[in-house]
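Hi,

Here is the structure we talked about. My notes follow below it.

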Amino acid sequence: MVIAVSGGAGFVGSAFIRYISRTHPEDRIICFDALTYAADLHNLDEVSGNSGFAFIEGDITKKDDVEKLFSFHPDILVNFAAESHVDRSIEDPGLFIRTNVYGTGVLLDACIEHGIGRFHQISTDEVYGDLPLDRNDEAFTESSPLKPSSPYSASKAGADLLVLSYIRTYGMNATISRSSNNYGPGQNREKLIPKTVWNALHGIRIPVYGDGLNVRDWIHTDDHARAVDLIIRDGKSGEIYNIGAENEIRNIDLIRKILSILGRPEDLISFVPDRKGHDRRYAINPEKIRKELGFRAEQRDMEETILGYASVFS
Ligand SMILES: NC(=O)c1ccc[n+]([C@@H]2O[C@H](COP(=O)([O-])OP(=O)(O)OC[C@H]3O[C@@H](n4cnc5c(N)ncnc54)[C@H](O)[C@@H]3O)[C@@H](O)[C@H]2O)c1
């Protein structure tokens, strides 16, 4: 099988490529990426020498670039390409609309034109908005309403709706997955875990939005990759699958955990005014993917990821 992976030089897309090359060495992988600030080609060092791997630099919003990807005749296209940082989306929503919505549309059109076997859209639990902190019994299911809070999550929700419309209108063979927060190696230093490790090691204050009580569910990128692999092989076209780990932690507790692992003082923590529209709690009900595809996230300790960043940064 030839698997095209857009956004494959980013944090989660590169983990997916490494996972496929380890578990399905018979598959060809074509990575397509615009190499924005968030990309890191070192994340692909493990696979770049493989004969079945190819890299194309290109932008999903540019039809001519996307045509180059289709010259490899992919059987499947998995779209990880996105602008992904909520804070940046608050500064520049237009870029997020262009990449995440319009870019997904360009990929979908190319898939129709070339008659691809399957399109898979990587989405996020953030499309559902948030849950209150005092209702631990609540979690997002695939039929929860879309109530995005940020330009980032609204652009991801827009892309999901486009995919669903192409399934209905053109009979396209496509699936969507919505994952919770990811941890693992190779994430850009702007994001919560690497940034906290960097600041802790360099004695820089660690900004915490609002009261720090916001809750996130955290899944390892290897688990996310395994779930997506199951969906593209055995998932049903037209379906949405939530991917979660039932591994919820408050932001402030995660930061304290990182400081404790690194042996750094808690007085580095600095509470700052809350992010605009900041979601309180995300939680995923993982029943559907568990029942239909037998997926269950492994409960891994985040310590390995934290120490991994510490060794890269020191
Ligand atoms: N990181 C998470 O915790 C998380 C959780 C749920 C869902 N997701 C989704 O997973 C996907 C990947 O997230 P990530 O954290 O790896 O993001 P990332 O920002 O680390 O990587 C995104 C990649 O897309 C590429 N890209 C950006 N614009 C492009 C364009 N116009 N054309 C081609 N490539 C382009 C970038 O160069 C980068 O390599 C996103 O769709 C995101 O919404 C991420």
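A backbone N or O atom of Asn182 lies 2.8 Å from an oxygen atom of the ligand. Polar contacts here are pairs of N or O atoms within 3.5 Å; within protein, one must be able to donate a hydrogen and the other to accept it, and residues adjacent in sequence count only if both atoms are side-chain atoms. An N or O atom in the side chain of Asp33 is 2.6 Å from one. For the side chain of Lys156, the distance is 2.6 Å. The protein buries 95% of the 830 Å² that the ligand exposes when taken alone. Those areas are Shrake-Rupley values with a 1.4 Å probe.

This is a predicted model: local features need pLDDT of at least 70, side-chain atom pairs count only at pLDDT 80 or more, and totals for chains, interfaces and linings use all residues. Numbering runs from 1 along each chain as its sequence is written, and side-chain values use heavy atoms, with hydrogens and water left out.

**Ligand shell**

The ligand is surrounded by 28 residues (a heavy atom within 4 Å). Val12, Asp33, Ser84, Tyr152 and Lys156 are the closest. By class, the shell has 13 nonpolar, 12 polar and 3 charged residues. Nonpolar means Ala, Val, Leu, Ile, Met, Phe, Trp, Tyr, Cys and Pro; charged means Asp, Glu, Lys and Arg; the others, Gly among them, are polar. β5 (118–124) gives the largest share, 3 residues. α1, α6 (151–170) and β7 (181–183) each supply at least two. Helices (H or I, at least four residues) and strands (E, at least two) are DSSP runs, numbered from the N terminus.

**Second largest pocket**

Its volume is about 560 Å³. A pocket is an open set of points on a 1 Å grid over the protein atoms alone, with protein on both sides within 12 Å along at least five of seven lines; lining residues have an atom within 4 Å of a point. A volume is the space filled by probe spheres set on the points. Of the 24 lining residues, Asn43, Pro185, Gly186, Gln187 and Tyr309 are closest to the centre. α11 supplies the largest share, 6 residues. The lining has 7 nonpolar, 8 polar and 9 charged residues.

Best wishes

Definitions and conventions
1 Å grid on protein atoms, 1.4 Å probe; cavity = no way out; pocket = protein on both sides within 12 Å on 5 of 7 lines; lining within 4 Å.
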